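The entries below follow the order of my look-ups.

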Amino acid sequence: MWRIRGVSLTTRILFVNVIALALLAGGFFYLDSYRKQLIEERFKLARAEAEIAAEALEGADAARRRQLLVRIGTKQMLRLRLYDGESHLLADSFALAPPSFALIDPESEPWYQQAARWLDRGVDFIVNAPVIERYSDTAERPAGSWPEIQAARTSGQTAVYLRYAPDRTPIITAATPVGAQGEVLLSLRNALDITQSVRDARQTLVIIIGLALLLSVQLSLYLARTIVQPLRALVRAAVRVRLGREREVVVPRLPERGDEIGLLARAVSDMTTALRQRIDAVETFAADVAHELKNPLASLSSALETMQRVEDAGLRRQLADIAAHDVQRIDRLITEIADASRIDAELSRATFLPVDLAALAAQVVGARDVRTRGSVPVRLRRDGGDCVVPGDAARLERVLENLLDNAVSFSPPGGVVEVIVWGDGEAAHIAVVDEGPGIPESEREKVFERFHSVRPVEEAFGAHSGLGLAIARTIAEAHDGTLTIADRPDGKRGAWLVLSVPLDVEADE
């Protein structure tokens with residue numbers, strides 16, 4: 001498929017519509033065919049007129065012949081010439097009576113007739129028409145200079161020729177034998193009506209094409225305005241968004257348009273809003289990262305500077321421990337920040353496969369019991385129902401690990417963490433229940449914000465980054481699921497965090 005590169009949409013619309021009109025202009029070729037048909041009909045008429053006149057002249061005396069030449073020539077608007085066997089001119093109807101027609105001098109015609117002749121030549125050139133001999137005549141022109149007379153004498157049949165008068169109108173000549181003495185009758189007709197008919201038809205076609213062109217251009221410009229102007233407005237808004245010169249760029253939504261342009265405008269507007277929100281989130285995240293890294297870096301810097309001035313070995317060890325702890329905090333923060341920043345991109349490219357949340361929970365709980373023997377115990381309870389969901393097993397495992405880390409960190413000495421798995425026919429659920437202080441309602445949404453953390457007083461400062469629950473909710477939402485916090489259904493003290501993921505319908509079928 002050929003393409004036009006670097007050409008505006010308005011120009012393309014105009015080009016396509018003008019192409020259709022150019023095809024209509026091909027009617028000029030039809031008019032040339034129409035002209036040929038008219039000339040062929042006149043050839044037949046000229047042959048018939050010449051033969052009828054020759055029959056009338058045969059056997060008539062000289063006086064009768066002159067009368068017949070004048071009568072036929074005047075009535076049929078012909079010029080008749082009779083030649084004897086020696087090619088001498090015997091009679092000429094224009095000499096015997098006033099001429100029945102006169103050739104037009106092109107120089108005496110108005111400009112539009114000159115233009116019509118130029119157009120005739122142009123059409124002949126386009127259709128590659130054969131070159132037609134120019135007509136010229138004098139009263140003394142001998143019979144031998146007329147090839148049709150020679151052809152008629154040679155073949156014994158009527159010969160018809162076509163020439164152009166000075167004004168490019170057809171001159172049709174017909175030569176036919178008269179009797180057996182070698183006489184030949186030559187008839188000439190200036191077929192003005194053929195040229196006029198073709199020019200009238202061509203003029204009508206030009207007017208139709210001109211009106212169609214004007215209408216087509218107007219409609220094309222209207223169509224271009226309805227398409228190009230909204231697109232240009234969208235382009236300008238997109239450029240402003242790209243350059244970031246305006247914080248709040250208003251992308252036109254075109255609510256009055258229900259066509260594809262309207263759909264595109266609303267899609268671009270929604271995309272811009274989502275992009276702005278994402279940029280805001282990135283900027284906020286970057287500011288939070290800078291803030292969270294400043295604290296351990298300041299503590300580390302202070303510890304290192306103090307170590308240089310302290311001579312006491314015990315105090316130096318304490319400062320070294322503080323520095324090591326700060327390094328661990330920075331390492332933990334960088335790891336969590338890296339995970340939080342790439343998790344969206346990784347999940348957008350991930351291929352979701354059927355995952356059994358019940359089996360996944362059993363695996364995570366079993367592995368944790370082996371790793372953390374002697375700490376807060378974690379129990380698993382399976383309440384039935386289908387728990388196969390589409391998802392990324394590694395990421396869903398990360399959600400459960402983060403929930404368990406959070407529950408264990410808030411559990412009191414001797415406390416127990418319980419993991420409950422069940423399905424309700426629409427979604428699979430995993431609840432992580434602890435016996436800690438619980439989460440106040442005012443904090444239940446804030447704990448999912450990045451770097452927001454409400455830790456127990458006795459917990460070491462900086463032991464958690466405040467990103468665990470934020471990452472867990474991001475993964476849940478990427479699976480079209482939810483992660484919520486509620487009071488324990490049994491009314492006891494503690495937190496109830498529930499991960500819900502829609503079931504894999506295809507797996508059920």
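**Entry 1: salt bridges**

I began with charged side chains and found Arg-79, Arg-81 and Asp-92 linked in a network of salt bridges. A salt bridge here is a side-chain nitrogen of Lys or Arg within 4 Å of a carboxyl oxygen of Asp or Glu. By this rule I count 13 salt bridges.

I noted that the model is predicted: local features need pLDDT of at least 70, side-chain atom pairs count only at pLDDT 80 or more, and totals for chains, interfaces and linings use all residues. Residues are numbered from 1 along each chain as its sequence is written, and side-chain values use heavy atoms, with hydrogens and water left out.

Next I looked up Arg-65 and Glu-183, whose side chains meet in a salt bridge at 3.0 Å, N to O. Arg-65 lies in helix α3 and Glu-183 in strand β5 (residues 183-190), so this pair ties together parts 118 residues apart in sequence. Buried means under 20% relative accessible area, exposed over 50%, and partly exposed in between, with a 1.4 Å probe and protein chains only.

Glu-133 forms a salt bridge with Arg-163, the closest N and O atoms being 3.5 Å apart. Glu-133 lies in the loop between α5 (111-126) and α6 (147-155) and Arg-163 in strand β3, so the pair ties together parts 30 residues apart in sequence. Glu-133 is partly exposed at 42% relative accessibility. Arg-163 is buried, at 1% relative accessible area.

I also checked Arg-381 and Asp-383, a salt bridge with its closest N and O atoms 3.2 Å apart. Arg-381 is partly exposed at 38%, and Asp-383 is partly exposed at 44%.

**Entry 2: Asp-84**

Leaving aside neighbours within four places in sequence, Asp-84 is in contact (heavy atoms within 4.5 Å) with Leu-90, Arg-153, Gly-182 and Glu-183.

**Entry 3: Ala-50**

Is Ala-50 buried or exposed? Ala-50 is buried, with a relative accessible area of 1%. I found Ala-50 in helix α2 (residues 27-57). The C-alpha atoms of Ala-50 and Ala-174 are separated by 6.4 Å, though the two are 124 residues apart along the chain. Not counting residues up to four places away, Ala-50 touches Ala-174, Thr-176, Leu-185 and Ser-187.

**Entry 4: backbone angles**

I looked for positive phi in residues other than glycine. Met-77 has phi near 55° and sits in the loop between α3 (62-76) and β1. Met-77 is partly exposed, at 46%. Arg-168 has phi near 65° and sits in the loop between β3 (159-164) and β4 (170-178). Arg-168 is buried, at 14%.

**Entry 5: the whole chain**

The protein chain has 13 helices and 12 strands. Buried residues make up 39% of its 509 residues. Among contacts between residues at least 6 apart in sequence, 66% join residues at least 24 apart.

Conventions
Helices (H or I, at least four residues) and strands (E, at least two) are DSSP runs, numbered from the N terminus.
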